[in-house]
Amino acid sequence: MIKFVPQLINLFATLILLLSFAMISQRRIVSLIHLFMIQGAALVAASFLLAYVTHQPELYISGVLTLLLKVICIPWMLHRMIRKLNVRWDVETLLNIPTTMLIGIGLVIFAFSLALPISRLSDAVAGGALGIALACVMLSFMMMITRSKAVPQVIGFLSMENGLLFAATTVTNGMPMIVEFGIALDVLVGVLILGVFMFQIREKFDSLDIHHLETLKDE
Amino acid sequence: MSALGVFSQLMALVLALLLAPLLTGWVNQWRHWLQNKSAPSLLQPYRTLHKLFNKDSLIAEHASPLYRFAPYVVFGCMLLASAIIPTISTDLPLSPAADAIALVGLFALARVFISLAAMDVGTAFGSMGARREMLVGFLAEPALLMVMFCASMITGSTSLTTIVETLAHRDLAIYPSLLLAGVAFTMVSLAENARVPVDNPDTHLELTMIHEALVLEYSARHLALMEWAASMKLFAYSCIGLALFFPWGVAEANAPLALLLALPVLVFKLAIGGMLLAMIETASAKMRIFRVPEFLGTAFLLAVIGLLVNVLLGGT
Amino acid sequence: MSALFLVLGIPLLGALALALVGHRAYARDINVVFSLLSFLSACAMTAQVIQDGPQFVWDKQFYIDPLNVFLVTLTAFVSLNTAIFSRPYMRIEQDHGKMTPPRMRLYHSMYQLFSFTMLLGFTTNNLGIIWVAMEAATLTTVLLVSVYRTPASLEAAWKYFILCGVGIAQALFGTILVYMAADKALGSEHATLLWSSLSDIKGQLDPTIMSLAFVFLLIGYGTKIGLVPLHSWLPDAHAEGPTPVSAVLSGLLLNVAMYAVLRCKVLTDGALGTQMAGQLMMGFGLLSVVVAAFFISRQKDVKRMFSYSSIEHMGLITFAFGMGGPVANFAGLLHMTVHSLVKSAIFFTVGHATQKAGTQVMSEIRGLIKVNPAVGWGLMLGVMAILGMPPFGVFASEFLILTTAMREQPWATPFLFLALGVAFASMLIRVLPMVFGDTTLKPLAHPPALIPVFVHLALGLALGLYIPPYLDGWYVAASRMLGG
């Protein structure tokens, strides 16, 4: 059973990468939130597995924290937000979806090549997944850039945090507990603030289209 | 070239011929049941084929010899494809004739002929169907090739029989790259076999057809051969999927007992596969034609990521 | 060591208190009181460090050494003066109708919370907590920037959040890589993110991992410093918030980010043995100086112009630290100090000037000296100071940086001179009409706060003429620690 665990962790890593791609190509916001939730769940599963195989109870705590925050709390807040803001329809993207996917592939190749020498140096159980984590971060970053509505940008930001947390979990078996709590707190407060912001943007501009937020320029 | 080898080769061909319509009938039954309708009999496709072979063929006046010739070419391609896919045995004397890449080429050959034949008679729907078929094929082929490369990278060979043997003998392991390749392969086979969400095989609306529009003008034995070839294509794709992702139970060389067992195993696997296909079809809605490039682009990119993941994770 | 708890605890307490009573009239005074108490605790802590040398607090979680002790005091000092400035300023803003009592409450409590996060960032020994503090500082200032709730400020705050969030995420990845290097060098039992422990073993950290880590850390924290090309959030955020917020953002937050980069640079230099970190910093720094100088010549909004000036000066500081060596490091530290003082002074005067004129567009602000001589002269002197006129402190540090550059990196000097020259000309052309000439402006309803302005300018002048021995000792000790 034990020898399955690294493979299972790699499987979860691939699942997380798959979900990142699915999020880039997704058009409906509700599905985006569901994908984000599944990504969080995969992350939690990977943490628990890693905790089991490396006998580090801190990873259990980290997994529970991620579960509470990324799978339960934040999706619930996002659902409430979009219900109040009434944004459910299709999202337009800056580039069309096949082009986005091709750029995504380029980013994945770049991330993998960057991470390959480093993951060879790692002694951790799932060290090979660093490239996948970096690729997820870059894909979320691209999602933030190519979306023109506020909610997908927020989800991209959160998904980036997921990727980073995954990197921390696989490469170093988690960060010191206090740092993890700090990061979780930051993310939670960040989402709250973003939620408040979206209401105000909606109030002022009557729309959550980011194109309205491009008027400040050097004339 | 042992006697057992020749026998298993013949068995593979015969099974493909006989079981393909049964698979189509099975998928149809399940589709109807899932949609809460009463299903036609399991043997209905056989009756359809029988009916069609006994009719008189009606051909347009200005049809070229290509039109008459195409169904035989297509049927021949599918037959050859079934010959090299290890359905019940990896001991296939004909397998050195073509590896996985050539297999993709075989399907492409069939596609070219069927499209040419559709355009041959000059009807509007024929040309439309041909254009759409080429669009789907143009995008699906690279994806299929990438899936094959994924499997080849793990096993070190592009010959399907070697792939099956190697994968079956490995210790039970989870290959994330094969997971990605599997998802990509499912999407490609849905597109190539004209299934929902790419194309609805039950449709009677010509403007939404892809595959049906190609065979709109055919009748009698030509139509029978085309329909049979389509069933065999579905059978072949299912068997490729089983060979790459669930290779256990396939007999090896010099194992007559295993050969006997391989048949029920195959039937079982195909039954489950057919059920899953029916479920996917029922749960999805047909997508608009201009979304198909996105769909297939996703499949291609998933397969490429599968390759990259294989490189990164060292093919654990 | 108990002074540190006061230094951190007082702003936190202040934030809580002001969250409750921040909307009342006396809240502004309470804000000043809390800032004053923080400043006094910072002085007490400084005295302790002078007496006892660098110290650890609370099981090595906090570390006070020459590099951060004067930055802590500087931060507390500038926060105090900004709080004093904010008293009349925000009162006038409330009279003009731009602020409502609930927003004042948010403003005051976030102001104190922001001070807390900056002080935490400076004093913590844990690289992960530095990251948490930077992110928390970003979050508090996002709320502060958008407090006017105008479309422009919402846009600025959103852009700030998203761009800095992305940047900081890269820094988190860099921190993870540092932890991985520590894990490799120390084994998982003893792996730690404590900077002091890592600094002891920095020679054993794996070079491949550390070089990649530094790149991510520079990109991440560099976004917060405002290095080109990651700077696009800075002019908007600094220009759209209330002026006290612009002052602390330009004067203080950029320093915290710079400090984080410096700590990481020390580790990287030790691990790599090559000059890669320094060269990267020089490249980004030079690029920032040149690009920002040219952008200054295109500005029409006064606060945007001064935020580009901040980018330029931070670029210069980054360039100086990139060069390394005792003189350049000293100059960089000196420049950090005087830039904070002078830039915040400029923002104070600009704040009152824009209040008088009712607009931030430079062509509509004229003749400040006629209406309020103190504000006018304050602005004039401040601009002279920031442009590097002797005998102000900026001249001294720029002189040191340029001479070191001429000696060690001669290829960079033409660019630096060109950029500084362009900035000089552009700013002067714009500021002279603002200060002199005829005016249509009316005086303000309440007397402006000008003591902070002149205190800062006086200090800027004093540091240009004479650096007191203990400050000099700190600078030297800090630059030695930075590897010069």
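Chain C has an average pLDDT of 86, and 99% of the residues score at least 70. The model is predicted. For the complex, the predictor reports an ipTM of 0.87 and a pTM of 0.84.

Two pairs of chains are in contact. Of these, chains A and C share the most contacts. Chain B and chain C are joined by no contact. The closest C-alpha atoms of chain B and chain C are 17 Å apart.

The secondary structure of chain B consists of 11 helices and zero strands. Read from the N terminus, the order of elements in chain B is therefore α-α-α-α-α-α-α-α-α-α-α. The radius of gyration of chain B is 19 Å. The globule rule gives 20 Å for 316 residues, so chain B is as compact as a globular protein of that length. Along the principal axes, the C-alpha atoms of chain B occupy a box of roughly 60 × 45 × 40 Å.

Of the 316 residues in chain B, 49% are buried. Contacts in chain B were also examined by sequence separation, counting residues at least 6 apart. Among these contacts, 81% join residues at least 24 apart in sequence.

Terms used:
Residues numbered from 1 in each chain as written. Chains lettered and ligands numbered in written order. Predicted model: local features only at pLDDT ≥ 70, side-chain atom pairs only at ≥ 80, totals over all residues. Helix = DSSP H or I, 4+ residues; strand = E, 2+ residues; numbered from the N terminus. Rg over C-alpha atoms; globule rule 2.2 N^0.38 Å. Buried ≥ 20, exposed ≤ 12 C-beta atoms within 10 Å, placed from the backbone. Contact = placed C-beta atoms within 7 Å. pLDDT = per-residue confidence, 0-100.
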